[in-house]
Amino acid sequence: MENLKILRTKKNLSQQKLADILHISQQSVYKYENDITSPDLETLINMADFFETSVDYIIGHSEISDIIETRNAYDLNAEEEELIKLYRNLSPKQRSAIQQVMKSYNAKY
C-alpha cells in the first residue's frame with residue numbers, strides 16, 4: 001500500500017487528515033501504509049474515489065495512477081470545477097488576463 005502514502009503526500013495530507021476524510025482512524029491509515037493490515041473493500045473504494053484513481057493503483061496492482069475509462073471531453077474533475085467557479089467570479093478584465101496567460105502556455109489555443 002505504498003501508493004496510498006504517495007497519494008497522501010502528493011496532496012499534502014497528514015495521516016490524521018486523510019483518516020478524517022475517509023471516516024477511519026489515523027491508526028488505520030498508518031497500518032495500511034505500513035502493510036500491517038489491509039483496508040476493507042468499501043474503504044479502498046472510498047480511497048480510490050477521493051484520490052481519483054483506481055483500487056488497483058492503491059493496492060500496488062497497477063503502476064497507472066489515472067482512471068482508465070472513457071471520458072467525455074467536457075467531464076470535469078473537482079479541481080477543474082473549482083477553477084471554473086473561481087473564473088466566473090472574476091471581472092471581465094481579470095478574465096482577459098487569465099485567458100492571455102492560458103494562451104501563452106497552450107500553443108493550440
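**Helix packing and the nonpolar core**

Leaving aside neighbours within four places in sequence, Leu 4 is in contact with Leu 18, Tyr 32, Glu 33, Met 47, Phe 51 and Ile 58. The model examined here is a predicted one. Leu 4 also belongs to the largest nonpolar core, which comprises 15 residues; Met 1, Leu 4, Leu 18, Met 47 and Ile 58 touch the most other members of this core. Two or more residues are given to the core by each of H1, H2, H3, H4 and helix H5 (55-59). The most are given by H4, with 4 residues. In soluble globular proteins, nonpolar side chains tend to be buried together.

Two helix pairs were then considered. Two packed helices are described by the angle between their axes and the distance between the axes. For helix H1 (residues 2-10) and helix H3 (residues 26-33), the axes come within 7 Å and cross at roughly 125°. H1 is therefore oblique to H3. On the H1 side, Leu 4, Lys 5 and Arg 8 take part, and they meet Val 29, Tyr 32 and Glu 33 of H3. Classified by residue type, the contact of H1 with H3 has 3 nonpolar and 3 charged residues, with no polar residue.

The second pair consists of helix H2 (residues 15-22) and helix H4 (residues 41-51), whose axes come within 10 Å and cross at roughly 110°. This angle makes H2 roughly perpendicular to H4. Leu 18, Ile 21 and Leu 22 of H2 form the contact with Asn 46, Met 47, Phe 50 and Phe 51 of H4. By class, 6 nonpolar residues and 1 polar residue make up the contact of H2 with H4, and no charged residue is present. Leu 18 and Met 47, which take part in this contact, are also among the core residues that touch the most other members.

Asn 3 is found in helix H1 and is classed as buried because its relative accessible area is 11%, under the 20% cut-off. The side chain of Asn 3 reaches the backbone oxygen of Tyr 57 at 2.6 Å. Residues up to four places away in sequence not being counted, Asn 3 touches Tyr 57, Ile 58, Gly 60 and Ser 62. Ile 58 is likewise in contact with Leu 4.

Glu 79 lies in helix H6 (residues 78-88). With a relative accessible area of 58%, Glu 79 is exposed. Glu 79 and Met 47 are separated by 32 residues in sequence and by 17 Å in space, C-alpha to C-alpha.

Methods: Residues numbered from 1 in each chain as written. Predicted model: local features only at pLDDT ≥ 70, side-chain atom pairs only at ≥ 80, totals over all residues. Heavy atoms only, no water. Axes fitted to C-alpha atoms, helices over the stretch in contact; angles between N-to-C directions. Parallel < 35°, antiparallel > 145°, perpendicular 65-115°, else oblique. Contact = heavy atoms within 4.5 Å. Nonpolar A, V, L, I, M, F, W, Y, C, P; charged D, E, K, R; others polar. Buried < 20%, exposed > 50% of the residue type's maximum accessible area, 1.4 Å probe, protein only. Polar contact = N/O pair within 3.5 Å; in protein donor to acceptor, adjacent residues only side chain to side chain. Core = buried A, V, L, I, M, F, W, Y, C linked by side-chain atoms within 4.5 Å.
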